[in-house]
Amino acid sequence: MSSITLSAATRQNLLSLQDTASLLSTTQSRLSTGKKVTSALDNPTNFFTSQSLTARSSDLSNLLDGISNGIQTIQAANQGITSIQKLVDSAKSTASQALADKSGTKGTIVGGVPAQAAIVTGTSTLSTTYDLSSLDKDASLDISLDGGATKATIRLDSSTLKNVTNNTANVTQDQLLTAINGQIAASSNLSGKVTASIGTNGRLSFTTTDTGSTSQVSVNGSANANTDIGFGKSATTTAAKIVAGAALATATDFTNGKTASFTIGDGSKSVTVTLNANSPTDNIGGVLGTTAGTPPVTSATKDDIIKAINKQLSDRGSSVTARLGTTAADGAGNADKIVFVTADKGLDAQLSISGITDTTTAGTGASASGTGLGFETVASNAPTSKTTGNGTSTFSSITGAATLLANVDLSSGKSANFSITNTAGVATDIKIDSTTTASGNTLGPNPTQAQVAQAIQDQLTAATAGINVTVVGNALKFTSTANTATDLLISTTNDSIGLGFSSTNATTGAFTAGGGTASAVITNTGADASDGSSKASITGSALGSIYNTSTKAFDFTTQVSGQAPNASFTLKLGNGNDKTISLASGTVIDSNGTTLGGSPSQAKLAQAINYQISQDTGLSGKVKASFVNDKLTVQTTAFGSDQMLTLKAGGNIDIGFGTSGTAAIPSTGTDIGGAKGNSSTRATLAAQFNNLLAQITQQAQDSGYNGINLLSRTSSDVNENSLKVTFNEKGTSNLNIAGVKYDADGLGLKSVVNNFQNDDEINVAMQQLTDATAKLRTQSSTFGSNLTIVQNRQDFSKQMINILDTGSANLVNADMNEEAANSQALSTRNSLAVSALSLANQAQQGILQLLR
């Protein structure tokens, strides 16, 4: 079929119609979708930028729910504080009513008290945080429940505190308390018998579980402590150290692969240190060995060896450091020896060295010795056989142990240095290692016996020593060429090969344990239940020079004016007979005949007094002696004004009551302090008060929102009820809101136990309520500030989402007015093109008519 030929006008009109149809289709698509960019093909830059903006807008929208929940959580907590404050105000009003009531008696009501536990409290307020990030920062405590006879140490340093916090540089009070109670629970001597707490005054306290006058607790800073948390610290603490057996030489030989290796342990981490010529000494490219001389020798200085050791110890997390010994710090004979020192100080500091291998030598060349780093020494052994020349037919010779292998191992820097003295008394130094030559050839790492013997012979011949060497049954034999009645002698300074003339002895160095002195003990005892009356009690003054606070012992050995020391006194109960209590070194303290001795402790002295009291029918079970805070107390076991006790010193040394000639010290108990009966009104108000405290706790527990309660938690861990609100899609912008424990206990509000029957109990309760109010107001302000921040970020996020959505739309949305106008114009254009095409066709028809 022949092709159809179109005129130029027709073809042009058809092309115009096609273009118009395409543009019309695009415009109709934009009108239907509302977008001018629907894919990356339309406009890659706008399309992907719009998608990025939309994605961020979506991420922020997703965060809005979390921000909204955070606002509600804070508002719930703030409402809880408001309600708790109302309960606190009500409790304060109740306590005020009780204080105003005087219906039980006139004046102050002194009611009975239950048996009391023993409580000791630190002498200072705890810091907000403590830096206990390393072993040399220690706040350890010693706790005893029997007057010091047995004690348990609560270790508080980085090794134990890492179990309760990842940031031991900022240990909080709560974390410190958790660590203490955790170790108490793990101690067989303390578990279930004592607990630690932090009072409203911010001081650390220890309270026994048992009550009554037999309960006792003593606490002091341990001998390891250098941080005081209220119970003192050691005046001086020293580290543990290990001193090497030999001093470092000016140069230590690391030639031909010689190495040294050992393992250092600090009780919690063991680190293996390996030294060779390429071991780094710093972080800027320094290495241990430097090569010099002819033949070349690779050696290291003393200081570089210390640097290389410390770099490996530090890089691998050991707390141990190395230094060069000095006479001043380490004693005579220890200068220039390697000294390892612990960061931990005190009696529990741990340090060990093991796994020592050392092929290095002290010094270089033929005169090198086998001491290396100082943890190995070489001793010359007597030869296995020795022959003395007789001047005629017998020549002097010596033979070593049969230890020489068929192929001698000279790899990894193994070497030998020895000196052989001929029959003329002339010594020749011999050195064997992988670089030594035999008949002009280097021995290398694995020579034969014959090659080693030849290398020795070459050095003997060069020195004209007059000695020949042979191998006999795997042993080296040296024979003199001169026939005289004089012995050959061999002295070895280094032998890591095994030539058979020496032995190598390893040493772990000299260990010195850490030291320290525990701080003064703080002691307290419980109290028996009473009706408000008191016992007859006599307490001595502070102990004088007879008591050594460092050794915690009395001195009953030093004579006084030529007489043996004696601290005797007499006791009289009521109108009974005087009982002489003898206190001298020979005083019997128990039924086994044990004596007091020359340096008794406080517990032993109290035992001596109580044993003698128990042997007296008039005093047994009625009087008791004990030491409380370094003061001797003697008191009756019964209460009341009929309890009368008189004590008179009669010795020549003073244990708190004076010496012979000092006036007698009387004491009388008291009856119930003016109480004629309990106040039922106060009892009722006390019950109301305790109920209000229970309601405060319940209110705090009910102040949560969506599983988070900023006012209540079950432990001391602040992370348990903290709130984290995230503000941006990357999580880099957020707010951490720390929760609090504001139940009754957390606010420092204690239930009353004596029914408000004495004014002191009421006043204590009112002070607790005042302190609680201050806490609530402060926390309310904190929550208010946090709420403002979160609400501000919520508004910001909403506005930012709007900005992102608008920006995204601007990049891809179509202008509907513009597209509608385009559609109308294209429709008109299409109509015109159709008309033009029709006219073109008519022109062609006219030409055809002319040709007919």
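This is a guided tour of a predicted model, stop by stop.

**Before you start**

Residues are numbered from 1 along each chain as its sequence is written. Helices (H or I, at least four residues) and strands (E, at least two) are DSSP runs, numbered from the N terminus.

**Stop 1: a helix pair**

Select residues 44-100, helix H2, and residues 680-701, helix H9. Their axes lie 9 Å apart, and the packing angle is about 170 degrees. That makes H2 roughly antiparallel to H9. Axes are lines fitted to C-alpha atoms, for helices over the stretch in contact, and angles run from 0 to 180 degrees between N-to-C directions. Angles under 35 degrees count as roughly parallel, over 145 as roughly antiparallel, 65 to 115 as roughly perpendicular and the rest as oblique.

Now show the side chains between them. On H2, the residues in contact (heavy atoms within 4.5 Å) include Ile84, Leu87, Val88 and Leu99. On H9, they include Leu685, Phe689, Leu692 and Ile696. By class, the contact has 12 nonpolar, eight polar and one charged residues. Here Ala, Val, Leu, Ile, Met, Phe, Trp, Tyr, Cys and Pro count as nonpolar, Asp, Glu, Lys and Arg as charged, and the others, Gly among them, as polar.

**Stop 2: a three-stranded sheet**

Move to the open sheet with strand order S23-S22-S28 and antiparallel pairing. Two strands pair if DSSP finds at least two bridges between them. Select 427-432 for S23 and 489-495 for S28. These are the edge strands; each has a single partner, so one side of each is left without a neighbour in the sheet. On average, neighbouring strands are turned by 15 degrees against each other, direction ignored.

Phenylalanine 418 stands opposite threonine 492 in S28.

Next, pick serine 419, also in S22. Is serine 419 buried or exposed? At 17% relative accessibility, serine 419 counts as buried. The cut-offs are under 20% relative accessible area for buried, over 50% for exposed and partly exposed in between (1.4 Å probe, protein chains only). Setting aside residues up to four places away in sequence, serine 419 touches Ala427, Thr428, Asp429, Leu489, Ile490 and Ser491.

Finish here with helix H7, residues 449-462. H7 lies across S22 and S23 and runs at about 145 degrees to S23.

**Stop 3: a four-stranded sheet**

Go on to the open antiparallel sheet ordered S37-S36-S40-S41. Its edge strands are S37 (579-581) and S41 (665-668), each pairing on one side only. Neighbouring strands are turned by 20 degrees on average, direction ignored.

Select S36, residues 569-573; S36 and S37 pair in the antiparallel sense over three bridges. Which residue of S37 is the bridge partner of threonine 570? That partner is threonine 580. Then show residues 602-614, helix H8, which lies across S36 and S37 at about 155 degrees to S37.

**Stop 4: salt bridges**

How many salt bridges does the structure hold? There are 16. A salt bridge is a side-chain nitrogen of Lys or Arg within 4 Å of a carboxyl oxygen of Asp or Glu.

- Select arginine 155 and aspartate 157: their side chains meet at 2.6 Å, N to O. Aspartate 157 is buried at 0% relative accessibility, and arginine 155 is buried at 18%.
- Select lysine 241 and aspartate 330: the closest N and O atoms are 2.7 Å apart. Lysine 241 is in strand S9 (residues 237-247) and aspartate 330 in helix H6 (residues 327-330), 89 residues apart. Both are buried.
- Select lysine 311 and aspartate 315: N to O is 3.0 Å. Both lie in helix H5 (residues 302-315), four residues apart, about one turn of the helix. Aspartate 315 is exposed at 54%; lysine 311 is buried at 15%.
- Select Lys741, Asp743, Asp745 and Lys750: salt bridges link them in a network.

**Stop 5: positive phi**

Select aspartate 336, a non-glycine with a positive phi of about 70 degrees. Aspartate 336 sits in the loop between H6 and strand S16 (337-345) and is partly exposed at 27%.

End at serine 561, where phi is near 55 degrees. Serine 561 is in the loop between strand S35 (553-554) and S36. At 76% relative accessibility, serine 561 is exposed.

Note on methods
Predicted model: local features only at pLDDT ≥ 70, side-chain atom pairs only at ≥ 80, totals over all residues. Heavy atoms only, no water.
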